[in-house]
Protein chains: 2
Amino acid sequence: MKVALDVFGGDNAPAAALEGARGAKDKYKTDVLLCGNREKILAAAKKLNIDISDMEIADANGVIGMEDNPMSILKSNNDCSMAVCLKAVTNGQADACVSAGSTAALTVGGTFIVKRLKGVKRCALAALIPTQNGFFMLLDCGANAEVKPEHLLQFGVMGSAYMKNVMGIDNPRVALLNIGTEETKGTEVHKKAYELLSGAPVNFLGNIEGREMPYGVADVVVADGFSGNIAIKTYEGVSMALLKNIKGIFLKNLFTKTAALMLKGGIKELKNKTDYSTVGGAPLLGTAYPVFKAHGSSNATAFENAIKTAEKFAQTGVISQIEGKI
Amino acid sequence: MKVALDVFGGDNAPAAALEGARGAKDKYKTDVLLCGNREKILAAAKKLNIDISDMEIADANGVIGMEDNPMSILKSNNDCSMAVCLKAVTNGQADACVSAGSTAALTVGGTFIVKRLKGVKRCALAALIPTQNGFFMLLDCGANAEVKPEHLLQFGVMGSAYMKNVMGIDNPRVALLNIGTEETKGTEVHKKAYELLSGAPVNFLGNIEGREMPYGVADVVVADGFSGNIAIKTYEGVSMALLKNIKGIFLKNLFTKTAALMLKGGIKELKNKTDYSTVGGAPLLGTAYPVFKAHGSSNATAFENAIKTAEKFAQTGVISQIEGKI
């Protein structure tokens, strides 16, 4: 198995990406194909003193940035590090690809360079979100602002296959994000999706409301890309704002700083529970080959885990299982 | 000014409602019309030793529960305490009405008993949500799962008028909840709504993403009822789950309990900041007379503040201002 890595995607590129590649190779024996400008990769590795002599490089020109038009990955940016990384899976150089770069560009590139799996109507951007006791997958998180009931059905099937095979969850519980638990709730699209999911080969629990998500009551939460995006960003925003507030309370004075020290173990445990770097990121689902989105702020450990997870994504045959069910 | 109060709505009825009515009368000289079964009200007041001799009672039969069909407020439940409370504003017995009962029933009753203001296409259920430094209004929170651009425009105009007059915010900042900040983001409905809000007589900031909400960057957040409902419930759910987690850390052992004591002031301040009872609830906007929804778990203070706020809702002429702008 070989994983193509976009060396220049993410806030901490190329250092964290190279370090993560080295870690994945050493710890998991994963072969990594480094995608990006050859000279820059060699120079960075030398400067950082990271041995990449046992890794191949797929040469590229430039990097697609957050401010670039995502569609440019198909035109002016079609030989940037992310584009080369995506092409590596279609031309047989690698079995899976990983990028921490622009989510929008990766969605466009995944859909039009890697292309959709036969039968899949829409690719879905998934996210793995921490709960009290693990993670759940929310999809779609924003690739499709408007959807049809059949799209939501496919998101459920794809999410379920991923969580079972890659995350090792037996018979994943699938729920539909809606504004009430009764099957008559929501828009016409959601009512029809409820019906379709009820007859699908997944463990469908029914509707779930926003407030239930943090308690880990489902393993796969299916959403249209509009409300899925609102949900994940609200989830992130409220968590960060509250933790910031609590940090403020701790830093108030010497007295509160002492209290913070006394609570350190528990707080660290809470932070670890919700540490995205342990899963490394989330897949774009529905593509013909594995495309994996690492978190934009990935550090070396997150890259290492992203590479490992992407390898598992390829190894476990999730895509052929999705193909069989769709 | 007289405020009609549904004495039997909410988790803590009738005790908290009666106590709140007494408090509002004593503190703010607000006249309260107690709506509900006369005998039960008199018996409860006697048992609780609350003097209601200076308040009128509007007699009613029964209570509409959370499990009842909301539409039944128009038929089998049309003389329940909530229905009588709503009728009190249309027949001139009161200037505003307050209920902590079923939100769905209040939305139906508000729309069909109190009726919509001329020109208003849809009533919107608003919520006041705590942030780092105050509150913002999110509307619609679930009354309209599917909307047209003109509905979103009206939600912005109505929310702005309320926040200005009742909450005392000068030139309220209005934003549209969307999946990106650029005006080209979202569904066709959201793109068109962006355009309409840009030309409306409100201080329109543009789009806002879910993650910005907790930082109080807008005073009025306009949303379709579907994603607005997902947003508010995710907001509540994540806050509660995190605070529960932190409480768990505090209660771990004697050492952490001591630390919790040392932090007590700061934590209390954080809790007070986010205490719904200070605002008492939120309005149903778009009705011909003021309808105010108190929180389902309202205590006496929350009822007292809800009555006070509903009075202000009537006094400040928000409804005639909305009429002028629509």
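**Exercise 1.** Work out where D219(A) sits in this predicted model, and whether D219(A) is buried or exposed.

*Solution.* Start with the chain trace: D219(A) falls in the loop that links β8 (203-208) to β9 (220-222) of chain A. Next, check the accessible area. D219(A) has a relative value of 8%, and the cut-off for buried is under 20%, so D219(A) counts as buried.

**Exercise 2.** Find what the side chain of D219(A) reaches, and list the contacts of D219(A) beyond four places in sequence.

*Solution.* Setting aside neighbours within four places, D219(A) touches F136(A), M137(A), M163(A), I169(A), P172(A) and R173(A).

**Exercise 3.** Describe how chain B meets chain A: how many residues are in contact, and what area is buried?

*Solution.* Count residues: 51 from chain B are in contact with 52 from chain A. Now the area: about 4,500 Å² is buried between the two chains, with carbon and sulfur atoms giving 73% of that. On the chain B side, I179(B), F226(B) and M262(B) lose the most area to chain A, together 15% of what that side buries.

**Exercise 4.** Pick out the charged pairs across the interface, then say which element of chain B gives the most residues to it.

*Solution.* The rule finds four salt bridges between chain B and chain A. One of these pairs E236(A) with R211(B), the closest N and O atoms lying 3.3 Å apart. As for elements, α7(B) gives the most to the side touching chain A, with 22 residues. By class, that side of chain B has 24 nonpolar, 16 polar and 11 charged residues.

Methods
Residues are numbered from 1 along each chain as its sequence is written. Chains are lettered from A and ligands numbered from 1 in the order in which they are written. This is a predicted model: local features need pLDDT of at least 70, side-chain atom pairs count only at pLDDT 80 or more; totals for chains, interfaces and linings use all residues. Side-chain values use heavy atoms; hydrogens and water are left out. Helices (H or I, at least four residues) and strands (E, at least two) are DSSP runs, numbered from the N terminus. Buried means under 20% relative accessible area, exposed over 50%, partly exposed in between (1.4 Å probe, protein chains only). A polar contact is a pair of N or O atoms within 3.5 Å; within protein, one must be able to donate a hydrogen and the other to accept it, and residues adjacent in sequence count only if both atoms are side-chain atoms. Contact means heavy atoms within 4.5 Å. Buried area is the accessible area (1.4 Å probe) that two parts lose on being put together, summed over both. A salt bridge is a side-chain nitrogen of Lys or Arg within 4 Å of a carboxyl oxygen of Asp or Glu. Ala, Val, Leu, Ile, Met, Phe, Trp, Tyr, Cys and Pro count as nonpolar, Asp, Glu, Lys and Arg as charged, and the others, Gly among them, as polar.
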